[in-house]
Amino acid sequence: MAFRIKRTVDTTTSLPTGIPSYSKISQMVKKLINASQYDYHQSEAFEVKEVNLNSAYKGYGAVTGTFINNPNQVILGGSVLPLMPNISQIPVIGEHVVVTEYNGQHYYTSIINRKNSPNENSQPGASGIYEKDTKYGETFQRNTKISRVNVNEGDVVYEGRFGNSIKLGSNPKNQSPNIRIRAGQDTQYDTINIPAKENINKDGSSIYLSTNETISIFNPNFPNAKVDGNSIAISSDKLFLNGRDGNINIRASKKLLLEADEVFINAKKVGTIKMGDPRAPMIPTVNGQKLFELISSLTKVLLGLPKLPTGDPTAAADVAKGTKDIVSQVKNKEFLNTQVVTADPKFKIPDIPPIPPLPDPEAEAAKLAQGVKIPKKPSLDNLQKRAEELLWLRNS
């Protein structure tokens with residue numbers, strides 16, 4: 001596996017003649033030293049000829065091919081395995097990987113950056129045998145439009161081959177940390193050969209985790225918006241949140257905004273939709289259709305009452321039927337919608353008392369070690385009193 005390359009040509013066979021001198025002795029010693037010098041390489045470049053993605057084979061992710069410096073070298077273990085079991089960087093055919101050897105098995109560590117391209121770095125035939133029209137693999141297709149993602153000083157970036165990336169970086173203006181995840185680069189970089197800057201409005205799908213930063217969000221159907229400070233912004237053509245066996249909780253200390261051409265809320269199995277503070281008593285909303293029927297019945301009765309003294313039989317029938325309908329609707333409360341309820345506006349929601357943060361013993365010890373003054377701890381009695389107040393509010 002490891003190999004060495006002689007630095008100079010061996011010239012020790014030609015020794016100086018004549019009377020020895022300091023200069024001749026020095027020249028001879030230098031020749032001897034230079035003739036014994038080698039460049040030692042612990043790892044070796046390896047050209048990939050086949051990638052194993054057969055899940056039934058224990059060597060999943062392994063590659064076979066030819067060593068570039070020593071094409072006749074035997075592959076230990078039969079194939080070259082990925083060195084790291086948890087992080088995989090699968091090469092394509094024709095790419096060169098760095099191979100090393102441990103305990104009689106060859107492993108590859110990473111792909112050699114021959115072209116400085118995130119998409120592919122294939123150079124088939126470097127090991128001595130070139131196959132015309134070499135395919136990169138069964139499904140992989142070369143894409144020259146893919147650009148490297150733009151980076152700032154100090155960023156840590158993980159780039160895929162297809163215009164996807166995860167960047168652990170910062171806002172260069174104030175060094176506030178952020179994480180940017182994107183899938184699908186901005187199409188304007190398809191025609192220009194420069195690093196692609198992430199754009200939450202133009203990339204395929206994006207998730208931004210930011211601190212002390214302003215993110216501008218554009219949507220052609222709504223006014224432009226900005227997200228400031230510590231924030232998480234998600235942008236794509238479609239978003240779907242699926243709680244398969246549990247709840248989805250969305251909370252906001254201020255406003256919760258839902259904007260769309262149409263908004264549907266479906267409480268399955270005749271469930272109840274509750275609006276307002278959950279701590280308040282709930283009252284039913286109005287069933288629009290039943291309320292209309294109740295008003296229609298009242299109208300018939302009111303219009304028929306003046307005609308009763310005239311002996312009009314139609315008026316008497318309308319009053320009788322309308323009165324019966326009104327009694328039934330009011331008695332059964334048909335005009336109320338118990339599937340959609342709202343908080344009683346007359347109920348006064350009590351304020352939640354603030355809870356002091358619980359002390360962190362490890363953090364306090366570290367602060368004491370650094371000479372930082374620690375504020376007075378809240379007493380156990382005070383914490384218990386606050387807990388009882390919260391329990392009372394929850395049960396009230």
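Is Asn116 buried, exposed or partly exposed? Asn116 is partly exposed, at a relative accessible area of 47%. (Buried stands for under 20% relative accessible area, exposed for over 50%, and partly exposed for what lies in between, with a 1.4 Å probe and protein chains only.)

The legends below describe a predicted model, in which local features need pLDDT of at least 70, side-chain atom pairs count only at pLDDT 80 or more, and totals for chains, interfaces and linings use all residues. Residues are numbered from 1 along each chain as its sequence is written, and side-chain values use heavy atoms, with hydrogens and water left out.

**View A. Two asparagines with positive phi.** Asn116 has a phi of about 55°, a positive value, although it is not a glycine. Its place is the loop between S7 and S8. (Strands are DSSP runs of E with at least two residues, helices are runs of H or I with at least four, and both are numbered from the N terminus.) Asn212, also not a glycine, has a positive phi of about 50°. Asn212 sits in the loop between S11 and strand S12 (215-217).

View B. Side chains of opposite charge can pair when their charged atoms come close. Here a salt bridge is a side-chain nitrogen of Lys or Arg within 4 Å of a carboxyl oxygen of Asp or Glu, and the count by this rule comes to ten. In the pair of Lys115 and Glu120, the closest N and O atoms are 3.0 Å apart. Lys115 is partly exposed at 33% relative accessibility, whereas Glu120 is buried at 2%.

**View C. The salt bridge of Arg180 and Glu213.** The side chains of Arg180 and Glu213 form a salt bridge with an N to O distance of 2.8 Å. This pair links distant parts of the chain, with Arg180 in strand S10 and Glu213 in the loop between S11 and S12, 33 residues apart. Arg180 is buried, with a relative accessible area of 16%. Glu213 is buried too, with 10%.

View D. Lys290 pairs with Glu293 in a salt bridge whose closest N and O atoms are 3.7 Å apart. Because they are three residues apart in helix H2 (residues 288-304), Lys290 and Glu293 are separated by about one helical turn. Lys290 is partly exposed at 30%, and Glu293 is partly exposed at 29%.

**View E. The largest pocket.** This pocket holds about 2900 Å³ of space. It is lined by 48 residues, and those nearest its centre are Leu239, Ile250, Leu257, Leu258 and Glu259. (On a 1 Å grid over the protein atoms alone, a pocket is an open set of points where a 1.4 Å probe fits, with protein on both sides within 12 Å along at least five of seven lines; lining residues have an atom within 4 Å of a point. Points are joined across faces, edges and corners, and the volume is the space filled by probe spheres set on them.) Strand S13 (225-227) and strand S14 (231-235) are the elements that give two or more residues to this lining. S14 gives the most, with five residues. By class, the lining has 24 nonpolar, twelve polar and twelve charged residues. (Ala, Val, Leu, Ile, Met, Phe, Trp, Tyr, Cys and Pro count as nonpolar, Asp, Glu, Lys and Arg as charged, and the others, Gly among them, as polar.)

**View F. The second largest pocket.** The volume of this pocket is about 630 Å³. Its lining has 22 residues, with Gln89, Ile111, Pro118, Glu159 and Gly160 the closest to its centre. Strand S7 (105-111) and strand S8 (156-159) are the elements that give two or more residues to the lining. S7 gives the most, with four. The lining divides into ten nonpolar, eight polar and four charged residues.

**View G. Arg279 and Phe347.** Arg279 lies in the loop between strand S15 (273-275) and strand S16 (282-286). Arg279 counts as partly exposed, at 29% relative accessibility. From C-alpha to C-alpha, Arg279 and Phe347 are 9.7 Å apart in space, and they are 68 residues apart in sequence.
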